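Please keep the sequence and the model in view while reading.

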Amino acid sequence: MAKQWPVFAVVAVIVSVLGAFVSAGTAASMVTFVFGDSLAEVGNNNHLQYSLARSDYPWYGIDFTGRKATGRFTNGRTIGDILSEKLGSSSPPPYLSLSQNDDAILQGVNYASCGAGILNETGQYFIQRLTFDDQINYFKRAKETIRAKIGEAAANKLCNEATYFVGIGSNDYVNNFLQPFLADGQQYTHDEFVELLISTLEQQFSRLCRLGARQILFHGLGPLGCIPSQRVKSKTGQCLKRVNEWVMEFNSKVHKLINTLNKRLPNAQMTFADTYPAVLDLVDNPKAYGFKVANTSCCNVDTNIGGLCLPNSKLCNERKDYVFWDAFHPSDANEVLAQKLFDSLPSSASAPPSLPPTPR
């Protein structure tokens, strides 16, 4: 049976940033920790020797600086890259790229990993990837390193005041529940499966808070039923209505969970960003955003054997016409979405950011 590859969960970290400014009402902190899947990844899986969920080869990165693949699952920059530049900072580096005592950790890191899910069994056929639990474990280790560098009081302050971006859950559908040959899709009804996701996510959020996280920004899932890898399952090439309905149910339950945790957990300042409507509008009306094609990808991929843009794949003639780069991930649509969201930021976002501490 064919394997499905990392998923599209567009708008990603950026919408969460908007929520951060609104909820915090202050200038953005330069200390950020990113958790998530392939949309937010910047190269962690490159450091996993046996991972099958990698993009460190052409044609990925063809429109990135140096025209070189970095482990980002797009032809150019992620939305996080674009917003970071507009805010005068750089994207946090992949955690696995840092040496054990690298001072860069004081400015935050990116733990996102292609194939990652809320559930540990999600994406198992990629052999190696960092699940959400794995990412939290690495953050715990990072906090210990930070404590050794700047002392316990300063480390606690840094972690309490940092912003945590979380974008995860798409793989739990595309690389788990929607795969008929995997156990979860056979064992659970969707009602049971979504409750399992929410109960697991509740434990993970609670653990992050115990480790010092306060300002956690979670972005909801986009219309997964409209990505090219799902459209091919439709006889008419249309969006899969049932999948989109499941996604909306998941988003609704996560939103409710976050409201509950904000009341229950001390000092929690969690925000839910609903990305679904914005992404659906881009897919339904690509010409309004300067694109022409949203039902298939620029890289001519075979979704029956994975859906990634492999070195021997054929590219479209006009890359800027396509919303999707491969069967799961957006192309330069990231630029459009990032600009639109940046224009919506309150004026406080342009204030000088606070600086991270220096090691002792």
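## Basis of the report

The model is a predicted one, in which local features need pLDDT of at least 70 and side-chain atom pairs count only at pLDDT 80 or more, while totals for chains, interfaces and linings use all residues. Residues are numbered from 1 along each chain as its sequence is written, and side-chain values use heavy atoms, with hydrogens and water left out.

## Overall composition

The chain contains 11 helices and 6 strands; helices (H or I, at least four residues) and strands (E, at least two) are DSSP runs, numbered from the N terminus. Of its 360 residues, 58% count as buried, where buried means under 20% relative accessible area, exposed over 50% and partly exposed in between (1.4 Å probe, protein chains only). Contact means heavy atoms within 4.5 Å. Among contacts between residues at least 6 apart in sequence, 74% join residues at least 24 apart.

The axes of helix 5 (residues 170-177) and helix 7 (residues 190-210) come within 12 Å and cross at roughly 135°. Axes are lines fitted to C-alpha atoms, for helices over the stretch in contact, and angles run from 0 to 180 degrees between N-to-C directions. The two helices, helix 5 and helix 7, are therefore oblique to each other. Asp172, Tyr173, Asn176 and Phe177 of helix 5 meet His190, Phe193, Val194 and Leu197 of helix 7. This contact of helix 5 with helix 7 comprises 5 nonpolar, 2 polar and 1 charged residues; Ala, Val, Leu, Ile, Met, Phe, Trp, Tyr, Cys and Pro count as nonpolar, Asp, Glu, Lys and Arg as charged, and the others, Gly among them, as polar.

Asn176, placed in helix 5, is buried, with a relative accessible area of 2%. Apart from neighbours within four places in sequence, Asn176 is in contact with Leu119, Glu121, Thr122, Asn171, Leu182, Asp184 and Phe193.

## Helix 4 and its surroundings

In helix 4 (residues 152-161), the buried residues are Ala155, Leu158 and Cys159. Viewed down the axis of helix 4, these buried residues fall within an arc of 90°, so they line one face of the helix; the arc is that of the directions from the helix axis to the C-beta atoms. An α-helix has 3.6 residues a turn, so residues three or four places apart point the same way. The buried residues of helix 4 pack against strand 1 (32-36), helix 3 (132-150) and strand 2 (163-167).

Helix 3 and helix 4 pack at an angle of about 135°, with their axes 7 Å apart. Helix 3 and helix 4 are therefore oblique to each other. Residues making this contact include Phe139 and Ile146 of helix 3 and Ala155 and Leu158 of helix 4.

## Backbone features in loops

The peptide bond from Pro58 to Trp59 is cis, with omega near 15°. Trp59 is found in the loop between strand 1 and helix 2 (79-86).

Ile127, in the loop between helix 2 and helix 3, has a phi near 70°, a positive value in a residue other than glycine. With 53% relative accessibility, Ile127 counts as exposed. Asn267 has a positive phi of about 65° although it is not a glycine; Asn267 lies in the loop between helix 9 and strand 4 (271-273). At 54% relative accessibility, Asn267 counts as exposed.

Conventions: Angles under 35 degrees count as roughly parallel, over 145 as roughly antiparallel, 65 to 115 as roughly perpendicular and the rest as oblique.
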